[in-house]
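Here is a friendly walk through one protein model. Have the sequence and the 3D view open as you read.

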Amino acid sequence: MIKNFLLEMVNKLKRNDSCWCGSGKKYKKCHLEFDERIDAIKFDATKGQIRPPHKIINNAVDIEGIKRAAVINSGALDLAGQMVKAGISTLEINDAVHNFIVSHGAHPSCLDFEGFPKSICISVNNVVCHGIPSKNEILKDGDILNVDITTDLDGYFADASRMFWVGEISADAKKLIEVTKEIMEVGIKAAQPFHFVGDIGAACGKLAKANGFSVVTDLGGHGCGKAFHLEPFVSHDCKAGTGMLLVPGMSITVEPMINAGGKKVTTDNKDGWTVRTKDGSLSAQWEKTILITETGNEVLAF
Ligand code: MF3
Ligand code: CO
Ligand code: CO
């Protein structure tokens, strides 16, 4: 891999060299046509259009690795959902999920990530994201919450989050949760090969605004696969046709954070992590990791 990478830097790979993707196949039988197709594209710098770097493209082995991490990650989210009830602390959910992931030979990626103190994020009501599970945070009737879990296994990462709620919730809260899921789904539909990443944010933003909600733009999705957070940044409210080109083999998250009130957020200055809506309004989020394919995309983690 390193050798090929250097070769690529010095001069173009030759047809019979082994491909830069690490497949072990000859370049001409692997990503040569792929590179030629991208070479033919005129990138419009005024729209921030850029070519994706090779390091974020997954080969078939990489994709299988991400899928194995995703199976454990989905099981962990199922477990979290089963535990949600009035009277339980968010730390109890964190601890059970931690044990589940570790017992499957994997690692909860959030733990110690840039100093994050727990294994998963649980974001309740007006918390937008990065909520820290705590023994003092007891779920109660009417709460809505996002559980965001990332699992890494053998160096491959799968990142997903879901909304849950406790007992009876308001009609407004229910609508926010449902519409936010639809916003994620229209974003995923817009993630097409040889289109641009900005198409995702254009689709998400349009549906959010049609429903009177606002889109958080201080945070967004990201490449995810061979590392937790990779290029590109995935905005959930931006212009179509902007940013990085989406190509087969790229894996990214679509994870809109949608507020019932204004889009502004603040980060807790004591814990340095918890992101809340500035106006105290409810916030919802759903997240999937998807793979861009030749014909569209495939959900890897949900
Ligand atoms: N899982 C989050 C994401 O979707 C990142 C959480 S980072 C943490 O990108 F440190 F807060 F855990
Ligand atoms: Co996540
Ligand atoms: Co993510």
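L219 counts as partly exposed because its relative accessibility is 21%; buried means under 20% relative accessible area, exposed over 50%, and partly exposed in between (1.4 Å probe, protein chains only). You will find L219 in the loop between strand 6 (214–215) and strand 7 (221–223), where strands (E, at least two residues) are DSSP runs, numbered from the N terminus. Leaving aside residues up to four places away in sequence, L219 touches C129, H130, F233, M257 and V275, with contact meaning heavy atoms within 4.5 Å. L219 and E255 are 36 residues apart in sequence, and their C-alpha atoms are 9.5 Å apart in space.

A word on the ground rules: this is a predicted model, in which local features need pLDDT of at least 70, side-chain atom pairs count only at pLDDT 80 or more, and totals for chains, interfaces and linings use all residues. Residues are numbered from 1 along each chain as its sequence is written, chains are lettered from A and ligands numbered from 1 in the order in which they are written, and side-chain values use heavy atoms, with hydrogens and water left out.

Next, look at the open sheet of three strands, which has the order 3-12-11 and antiparallel pairing; two strands pair if DSSP finds at least two bridges between them. Its edge strands, each pairing on one side only, are strand 3 (127–129) and strand 11 (265–267). Strand 11 and strand 12 (residues 275–277) run antiparallel and are joined by three bridges; V265 has T277 in strand 12 as its bridge partner.

Now move to strand 4 and strand 5, which pair in the antiparallel sense over ten bridges. Here L145 stands opposite F164 in strand 5. The hairpin of these strands has two residues between them, and D154 takes a positive phi near 50 degrees. Nine of the ten residues of strand 5 are buried, so this strand is largely enclosed by the rest of the structure.

D148 sits in strand 4 (residues 144–153) and D159 in strand 5 (residues 156–165), eleven residues apart. Both D148 and D159 are buried.

Technical notes
Helix = DSSP H or I, 4+ residues; strand = E, 2+ residues; numbered from the N terminus.
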